[in-house]
Amino acid sequence: MIKIKHKRMLIAGAIGIIGIIIGSSYTYYRMTHFNQNVEINGVNVGGLNKKQATKKLKGKNVSNDVYLDNQLFYRGKKTVSGFSSKDQEKVQKLLKEQWTFWPSAAKTNYKAIPSKISDYRQNKVRRAVVSKLRSENRNRKKAIDAKAVLRYGKVGIDKAQKGDQYDVKQTLKAFDGQKYGQNVYLKKAIVQPLSASSKTVQREKKMLEELAAKKVEYTVQDTKHVLDAKQVLKQATYVNNKYQIDRTGIDEKIDEINKEQATLGKSIGFKTHNGQNINIAGDGTYGWAIKNSDATTRVVNAFEKSGKTTQLEAKPDIYGKGYLTYGTGYGNTTNGGIGNSYAEVSIADQHLWIYRDGKEVVSTDVVTGKASTHEDTPKGLWYVMYKESPSVLKGSESGSANYSVKVNYWAQFTNGGCGFHDASWRKNWASDAYVNDGSGGCVNTPVSQMKSVYDNLEQTEAVVVY
């Protein structure tokens, strides 16, 4: 019995030793080999030890393909993995991290940074994917944000419209986290429009309601024009903290004001020295008008400012023709807009009258342009462009292709070079001299009268020729 018992003990001991050896071997194996479904950077290393896994990672090329919603979107070029024997420590850390006493079938993908990282994916592939997403967006429907709109005095909200364009930034969000895997897997994100209830759209509505309550008081000469936003703003929006205003309605209002008050290019009723009422065509340069672009810009800027009512004076917006492009006669509201200080030239009477503040201060015979050669002094409403004393006149006329003469006084009033000047060389001052012996277009004035004429002519004042 003793022998049998001893034998059993020996067998049990042997089994125990074998069990210990097997258990130790199993434990060692489990500690030095990866579970079956473990991947590193997308490469399966199941059942491999650190050397084998490192070798496999080293020899495995990276595909660099990009999948969008599991569909191949961009095919990249293969590159080396960048792993080397130096990376065994990284593999060893992952080996410890994935260790389980019992074999695990759980699929796990670890990330490891290779010692030699290629920049191909982050630079070329990423840029190519961005470019392709944007290119495809050209053929996809764009989402339209809801927006507040002021139309003809009422503020409303245009509804949002959905689209199917890629949200490139959101779609690429997962790209940078996949620097080292075999491929890149992305999920598409679609650009979503702003809804009508969003804070942005509600703020737009609030700002447009404030705009609709504003007014601009635009004063032209002695008339105040009230531009009510509800009436002149056909459409306006508020985008990126800035008003976007349709200027059409304002421009139309400035047109109305010009038709009502501006004098540039308009014919006027004129009472001559002898009380005769005649019509002077608007063919000259005298007068002013409001420049629509300047006025509209100033009015828009006024609407954009804080405050319900803004005062604007039109004077900075006026313009004219000829030598003085800022306009003439803006301060005159009487006598058809020419005021009470002006020069009057009658071709038929061959006479000049100058009035200051409604009183005649000069009256003299003159000789105007030669009628027989069609060099007549041009009729119309002009203004004194500038004065010069003494002056040298250069030009051409019938019988003198290129002349140059000195005069004591010169006052030009047309773009073509016609003006008042003394003519010491003239012998013929008869009332019909202008027919065959007139000037080249200027108003020849006797030497004895020219200083008085010169002294009583002021720059910008009207010259009426009829």
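Predicted model: local features only at pLDDT ≥ 70, side-chain atom pairs only at ≥ 80, totals over all residues.
Colleague: OK, helices. Which residues are buried in helix α2?

Modeller: Ala53, Thr54 and Leu57 are the buried ones in α2, which covers residues 50-59. Seen down the axis of α2, they fall within an arc of 100°, so they line one face of the helix. The arc is that of the directions from the helix axis to the C-beta atoms. Helices here are DSSP runs (H or I, at least four residues), strands are too (E, at least two), and both are numbered from the N terminus.

Colleague: What's on the face of α2 turned away from its buried side?

Modeller: That face carries the exposed residues Lys51, Lys55, Lys58 and Gly59.

Colleague: And what do the buried residues of α2 pack against?

Modeller: They pack against β1, β2 and α3. Contact there means heavy atoms within 4.5 Å.

Colleague: Let's look at α3, then. Which residues are buried there?

Modeller: In α3 (residues 88-98), the buried residues are Val91, Leu94, Leu95 and Gln98. They cover an arc of only 110° around the axis, which puts them on the same side of α3. Turned away from that buried side are the exposed residues Glu89, Lys93, Lys96 and Glu97.

Colleague: Why do residues three or four places apart point the same way?

Modeller: An α-helix has 3.6 residues a turn, so residues at that spacing point the same way.

Colleague: Switching to strands. What order do the strands have in the open sheet of 3 strands?

Modeller: The order is β2-β1-β5, and the pairing is mixed. The edge strands are β2 (43-44) and β5 (108-110), and each of them pairs on one side only. Two strands count as a pair if DSSP finds at least two bridges between them.

Colleague: How many bridges do β1 and β2 have?

Modeller: β1 (residues 38-40) and β2 pair over 2 bridges, in the antiparallel sense. Glu39 has Asn44 in β2 as its bridge partner.

Colleague: Which way do β9 and β10 pair, parallel or antiparallel?

Modeller: Strands β9 (residues 215-220) and β10 (residues 223-228) are antiparallel, with 6 bridges. Val216 stands opposite Leu227 in β10. The hairpin has 2 residues between the strands, and Gln221 takes a positive phi near 55° there.

Colleague: Now salt bridges. How many does the structure hold?

Modeller: There are 12. A salt bridge is a side-chain nitrogen of Lys or Arg within 4 Å of a carboxyl oxygen of Asp or Glu. One of them joins Lys206 and Glu210, with the closest N and O atoms 2.9 Å apart. Both residues lie in helix α6 (residues 199-212), 4 residues apart, about one turn of the helix. Lys206 is partly exposed at 44% relative accessibility, and Glu210 is partly exposed at 37%.

Colleague: What about Lys451 and Asp455, how far apart are the closest N and O atoms?

Modeller: They are 2.8 Å apart in that salt bridge. Lys451 and Asp455 are 4 residues apart in helix α11 (residues 447-456), so about one helical turn separates them. Lys451 is partly exposed at 45%, and Asp455 is partly exposed at 39%.

Colleague: Where are Asp437 and Arg426, the pair that links distant parts of the chain?

Modeller: Their side chains meet in a salt bridge (3.5 Å, N to O). Asp437 is in helix α10 (residues 433-437), while Arg426 is in the loop between β26 (419-422) and α10, 11 residues apart.

Colleague: Arg426: buried or exposed?

Modeller: Arg426 counts as buried at 11% relative accessibility, whereas Asp437 counts as partly exposed at 36%.

Colleague: Last one: which residues make the nonpolar surface patch?

Modeller: Met31, Trp99, Phe101 and Trp102 make that patch of about 470 Å². Patches are made of residues with over 30% relative accessible area and no salt bridge; like charges are joined within 9 Å, nonpolar side chains (Val, Leu, Ile, Met, Phe, Trp, Tyr) within 5 Å. Accessible areas come from the Shrake-Rupley method with a 1.4 Å probe, and for residues only the protein chains shown count as cover. Met31 is found in helix α1 (residues 2-32) and is partly exposed at 47%.

Definitions and conventions. Residues numbered from 1 in each chain as written. Heavy atoms only, no water. Buried < 20%, exposed > 50% of the residue type's maximum accessible area, 1.4 Å probe, protein only.
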